[in-house]
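Hi everyone, thanks for coming. Today I would like to walk you through one protein chain, starting with the whole and ending with a few single residues.

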Amino acid sequence: MKQIVAGMIAHVDAGKTTLSEALLYRSGALRQLGRVDNGDAFLDTDTLEKQRGITIFSHQANLKYNNLDLTLLDTPGHVDFATQTEQVLSVLDYAILVISATDGVQGYTRTLWRLLASYHVPTFIFINKMDAPGTDAAHLMAQVQQTLSPGCVAFNTVEANATATELPTVPDAAMEDIAMQNDDVLADYLETGTIDDETIRHMIQRREIFPCYFGAALKLTGVDDLMTGLDHWTLPKPAAAEFGAQVFKITHDEQGERLTWVRVTGGALHPKDVVLGAQKVNQLRIYSGTKYETQSVVNAGTVCVITGLTQTYPGQGLGAAADGQQPLMQPVLTYALDPQSEDLHACLTALRQLEDEDPQLHVTWSESLQELRVQVMGTIQLEVLQQLLKDRFQLTVQFGTGSILYQETITAPVEGVGHFEPLRHYAEVHLLLEPAPRGSGLHFAADCSLEVLGRNWQHQVLSNLQAKTQRGVLVGAPLTDVNVTLISGRASIVHSVGGDFREATWRALRQGLMMLRQRGACQLLEPWYRFRLEVGQDQVGRAMTDIQRMNGQFDAPVANTSVATDGTELTTITGVAPVAAMQDYSQTVRAYTHGQGQLECVVDGYRPCHNADEVIADESYVPTADLENTPDSVFCAHGAGYPVAWDQVPEMAHVAYVYSDTE
């Protein structure tokens, strides 16, 4: 049978878990159809999920249909748990993106689409809830093509329903749309008037076209169409001969056993195999819902759980598999833990285990402040975290007021110099710092002759740049969107050791940042929301005034096709605004609209801070006092090392500058 791993993803309340249940039911994997609102959905197994009626953790189910052996990974739909969803994308063959016909393409749907593109995941689209009054398939199809991709093509109609014995056929009206997505295919289509199925399969796999299916999962409408389409239009990934596996999730079972979830990408995996250092596989499990079966061998293409590993993390490659890309979804809020009467060490131990499962929590302990902090995407995630601490660890705690996670960047290039020369040590490093495109992060490279600095020392410099979070000099926030290039330096044949270049490298980066700060070329960044606000027509003026007060920007208001529960005609306002200003605005909206208004916010990346001077003043960060990130250098004279302030380093440097100020 053809083995495919597919992820179910969607905006919250689009009907993603309901569709998963329907697929399992129609394939015969479930005898009874569960419902999210009844708390008996097969894939919402956690007590918290049943209480809240939303998916919080990713879950696995397995089904067989005709020639298809499908592993289904159901993911969270709420934006606060986007990091859980992103972890799953790296192991998918295909994704099933669910869109609610009553809501259309929402803000978080666009975010998910960007993630799917970044991970190059071929995608099927299921437009759900077509049984709702007033839904218009043609209008929805136009919206999907406009906001997601012109390659989104209807592979069924609302009225048509496939059966298990039928081979799916593409509607004649869709053939031209498919051909238009590839010049070579278009040329063949104009000549022959048809497109063969194998060509369509490869176009789907290359993300040139995205099959769209209309239906209503709760009533099982269109579910067979989608199932038959997955069977007919998918292609399995070729398996490598050598063992490899991609880690995508860490959990703990009810007995406290640490579980490493992997997709085997090549070869085969057996119990007792050594897969990481000296660590061996204790047990191999294949889960479906809460139940699992142990396996004596797991072959390529399979999703399984490994017990016995203690040093794995999401995104890690085992065996021949490379590590995955760095996560795109990053938390934007940080909260301090209020332990109440609980033991701080017990709280830290519990949070470390939760961080093991979700590394994006970034749990930190400040010895000087005696304070534990966590990073989250939003308040719903924080509430769930608080409940997890109570349910799993019997810890009743609170969290303080949230604060914003800022970042810093630069707006001009500079050559930074770090010199480290205490007695019997020597290293000098010159780094070129240049602004990089927004959202690109930090990139490190070398453009230095081996005659100037040997290969080993250059490797030391680049490794040390990546060894810790590099921080800016405005508020000490993480540095981003900068290209850092090693351009010169010097080592001593007698005195240089690796640690010397670590010190010189870190000091060079900070010295360059201090030079830019002096010139006003450092910039504070803050996270911004992309929002969608629905209010009554008579409340539009109030809403626009609020958005302007929050330093936000918005498009012209658009009359909504739906109405509030009290019959009020609604107007939609979309735009962007700083997280710091808008994070609590939903409560205000509920108050002045009497519960009829709705605010939807999705993190839209970082932009220049709207009140940078105020934030910098409040933080009172003194970069020269941050001894772990000092910009100063150490020189040697008369047999002893002595410190030199960052602004005096240029005239003291042993190696000539590569660039002048004008260059």
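This is a predicted model: local features need pLDDT of at least 70, side-chain atom pairs count only at pLDDT 80 or more; totals for chains, interfaces and linings use all residues.

Residues are numbered from 1 along each chain as its sequence is written, and side-chain values use heavy atoms, with hydrogens and water left out.

Let's take the whole chain. It holds 18 helices and 34 strands; these are DSSP runs numbered from the N terminus, with helices being H or I of at least four residues and strands E of at least two. Its radius of gyration is 28 Å, close to the 26 Å from the globule rule for 663 residues, so the chain is as compact as a globular protein of that length. That radius is taken over C-alpha atoms, and the rule is 2.2 Å times the number of residues to the power 0.38. Along the principal axes, the C-alpha atoms fill a box of roughly 90 × 65 × 65 Å.

How many of the 663 residues count as buried? The share is 53%, where buried means under 20% relative accessible area, exposed over 50%, and partly exposed in between, using a 1.4 Å probe and protein chains only. Contact means heavy atoms within 4.5 Å. Among contacts between residues at least 6 apart in sequence, 74% join residues at least 24 apart.

Asparagine 464 sits in helix α12, residues 455–465, and is buried at 10% relative accessible area. Its side chain reaches the backbone oxygen of glutamine 460 at 2.8 Å, a polar contact (a pair of N or O atoms within 3.5 Å; within protein, one must be able to donate a hydrogen and the other to accept it, and residues adjacent in sequence count only if both atoms are side-chain atoms). Beyond four places in sequence, asparagine 464 touches residues including Phe501 and Trp506.

Methionine 175 belongs to helix α6, residues 172–179, and is buried too, at 14%.

Finally, is threonine 290 buried or exposed? Threonine 290 is exposed, at 54%, in the loop between β13 (283–288) and β14 (291–294). The C-alpha atoms of threonine 290 and histidine 59 are 8.7 Å apart, with 231 residues separating them along the chain.
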